[in-house]
Amino acid sequence: MTVTALPDTEPPKRGWYKRNEIAVTPWLFLAPAILFFAVYVVIPIFQSFSISLYDWDGLGQAEYIGLGNYAELMNDRAFEVSLWNNLKWLVFYLLAIPAGLFIALFLNQTVTGIRIYKSLFFFPFVLSQVVVGLVFAWFYLPNEGLLSNMLALVGFGPVNVLGDPTWATYGIIAAGLWPQTAYCMILYLTGLNAVDPEQVEAARLDGAKGWKMLWYVIIPQLKPATFIAFVVTIIGALRSFDLISIMTNGGPFGQTRVLSFYMFEKALSEYGFRMGYGAAIAVVLFLIMLVFISYFLWSMYRDEQGGR
Amino acid sequence: MFPRPIQQASAPAQTAYKTMLPIALILWLLPLIAVAVFSVKPASDFTQGNYWGVPGSFNIIENYGQVFFNSDMPRYMLNSVLITVPTVIGAVALSAMAGFALGIYNFRSNLWVFFMFVAGNFVPFQILMVPVRDLTLDLGLYNTKTGLVLFHIAFQTGFCTLFMRNFIRALPFPLIEAARVEGVAEWRIFWFVVLPLMKPALAALAVLIFTFIWNDYFWAIVLTQGPDAQPVTAGITSFNAQYRAAYHLMSAGSIVAALPPVLMFFLMQKHFIAGLTLGAVK
């Protein structure tokens, strides 16, 4: 902001605050938020890095062991399983984006009652993951569950999704996809509202329709919605904890653990309070996330350059 | 409009679409409908193996009465309210101020401070867990609602500031310049010029943060234990342990626990969606 060279009509004796008002005010306004954020978010990140270098049970004396925790991670089978499961979550959770787009396209009409349909389709997102987990755990029950009953109708035997080491993770991801798809749907519904009708009409006159129209005309215009859907889905996939804790508690045989869950288990559950080891797992998870965070920030930075 | 409005399609296609809508909805909400049916069934249905059939009798009052009068659920619900409401107020207040500072003033480190909030908002909870739990223990706030509220305010400030700052950037800047030319003090510009214009953003964030915090589970189990301070998401697991395999009660409990954010959503839908789309797609 440049101060225009208007003749100063005020009396020359102005307080320090008055003279520096424009420079000082933003920091006064920022102070409480920065203080809270520093104490509870920024500083703890660095503390976790430092704790990960110690062998510590959370109460007694911490013993410095350098990169010992990380060395131990290298040979930890459970860590490897968690890492693979995180990858599965990342890949399959992204299905929420096309699924959300599909439902949004299905619902983007103006028939009577469509508003109610839209909100009811969005409904699962408002539910707590704890409730979603419970509901799906019952859905998957080996004998009594709805899934087994439906499969029985078409002649398949009962399945125990959550009790099967190979399928349990996919079962949980499917449960997670339910609310996440609803979220992506609402993003795309808002996005579709903003699609330029003239471009669509022009493309129609040129003979574009169906898939070609979607791919070349609509999807490029949905880019902002896709970006947000991508961000929230990636973050959601790496944060998955509630569903695993509720549905399988990491089992069977620890096959549904992900890093976030394994970290919690190591640091805070009955398996012992290994804070240092837990912190090391958290650091690995953080570094994975950092790749995505950097990409998001970079995209935002580019957009900012275009703005004011 | 894309896809082509169904009104331009043939009559059979229109009928097909209108019949498919309710079917798709029922399939989509099937797990939820099942829980709703579970919650009114009598216990005998489950012992007799009548899981998915028509309820033997409608025990709405018995089942929900059990949840409300014969369990810790009301305490958990109260805890949730006492955690959620102060968090909403705190986070919205802090971020309105921070958003104002970052949205209006062009000081040098502006973008860096902003990116700190954005990046912090994306961080995995686990990297904060051990230090935050320690800090809360040291402050003597472990297993208190205050401890949980303080953390939630701090963490949600990241997301809220992102939202507020973008919203304020989109306001007409000449308005602020005009006020400055008039010699209005900066804090008065915030209070009398910007804040009234931010009402939609404040409402959107309030509804959204309410839902986020109400549904939080991770921090509830890290920072609290037992019915004195635990919110309902954590409480429901002990409730379920108490009524193991009593599906009708567990369902009724889950529905009660899920209700407040659901009501919030249906009452404030417009604001809710505006918040979720980050105002980026209008």
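This is a predicted model: local features need pLDDT of at least 70, side-chain atom pairs count only at pLDDT 80 or more; totals for chains, interfaces and linings use all residues.
The residues in question include B:Pro31 and B:Leu32, and with them B:Val35 and B:Phe38, each of which is buried in α2(B). Because they cover an arc of only 120° around the axis, they lie on the same side of α2(B). In general, an α-helix has 3.6 residues a turn, so residues three or four places apart point the same way.

The domain assignment of chain B gives domain 1 (6-62) and domain 2 (69-276), and the centres of domain 1 of chain B and domain 2 of chain B, taken over C-alpha atoms, are separated by 34 Å. Where these domains touch, domain 1 of chain B contributes 8 residues and domain 2 of chain B contributes 7 residues. On the side of domain 1 of chain B that touches domain 2 of chain B, α2 (30-38) and α3 (43-47) of chain B each supply at least two residues, and α2(B) gives the most, with 3 residues. Sorted by class, that side of domain 1 of chain B has 6 nonpolar, 1 polar and 1 charged residues.

Chain B as a whole has 15 helices and 0 strands. Its radius of gyration is 24 Å, well over the 19 Å that the globule rule gives for 282 residues, so chain B is more spread out than a compact globule. Taken along the principal axes, the C-alpha atoms of chain B fill a box of roughly 75 × 65 × 30 Å. Of the 282 residues in chain B, 48% are buried, and among the contacts in chain B with a separation of 6 or more, 77% are between residues 24 or more positions apart.

Chain A has 15 helices and 2 strands. The radius of gyration of chain A is 26 Å, whereas a compact globule of 308 residues would have one near 19 Å. The C-alpha trace of chain A spans about 90 × 75 × 30 Å along its principal axes, and buried residues make up 40% of the 308 residues in chain A. Of the contacts in chain A between residues at least 6 apart in sequence, 68% join residues at least 24 apart.

The contact between the two chains takes 77 residues from chain B and 82 residues from chain A. On the side of chain B that touches chain A, the classes are 60 nonpolar, 13 polar and 4 charged residues.

The largest nonpolar core has 167 residues, and those with the most contacts inside it are A:Met185, A:Tyr188, A:Ile281, A:Leu285 and B:Ile209. Domain 1 (6-62) and domain 2 (69-276) of chain B both give residues to this core, so the core lies between them. To follow one of its residues, A:Ile281 touches A:Leu73, A:Phe79, A:Leu259, A:Tyr262, A:Met263 and A:Lys266, when residues up to four places away in sequence are not counted.

A last stop is A:Trp167, which is placed in the loop between α8 (146-153) and α9 (168-193) of chain A. A:Trp167 is partly exposed, with 17 other C-beta atoms within 10 Å, and although A:Trp167 and A:Gln255 are 88 residues apart along the chain, their C-alpha atoms are separated by 9.4 Å.

How values were computed
Residues are numbered from 1 along each chain as its sequence is written. Chains are lettered from A and ligands numbered from 1 in the order in which they are written. A nonpolar core is a set of buried Ala, Val, Leu, Ile, Met, Phe, Trp, Tyr and Cys residues joined through C-beta atoms within 7 Å. A residue is buried if 20 or more other C-beta atoms lie within 10 Å of its own, exposed if 12 or fewer, and partly exposed in between; C-beta atoms are placed from the backbone. Domain bounds come from an automatic or database domain assignment. Helices (H or I, at least four residues) and strands (E, at least two) are DSSP runs, numbered from the N terminus. The radius of gyration is taken over C-alpha atoms; the globule rule is 2.2 Å times the number of residues to the power 0.38. Ala, Val, Leu, Ile, Met, Phe, Trp, Tyr, Cys and Pro count as nonpolar, Asp, Glu, Lys and Arg as charged, and the others, Gly among them, as polar. The arc is that of the directions from the helix axis to the C-beta atoms.
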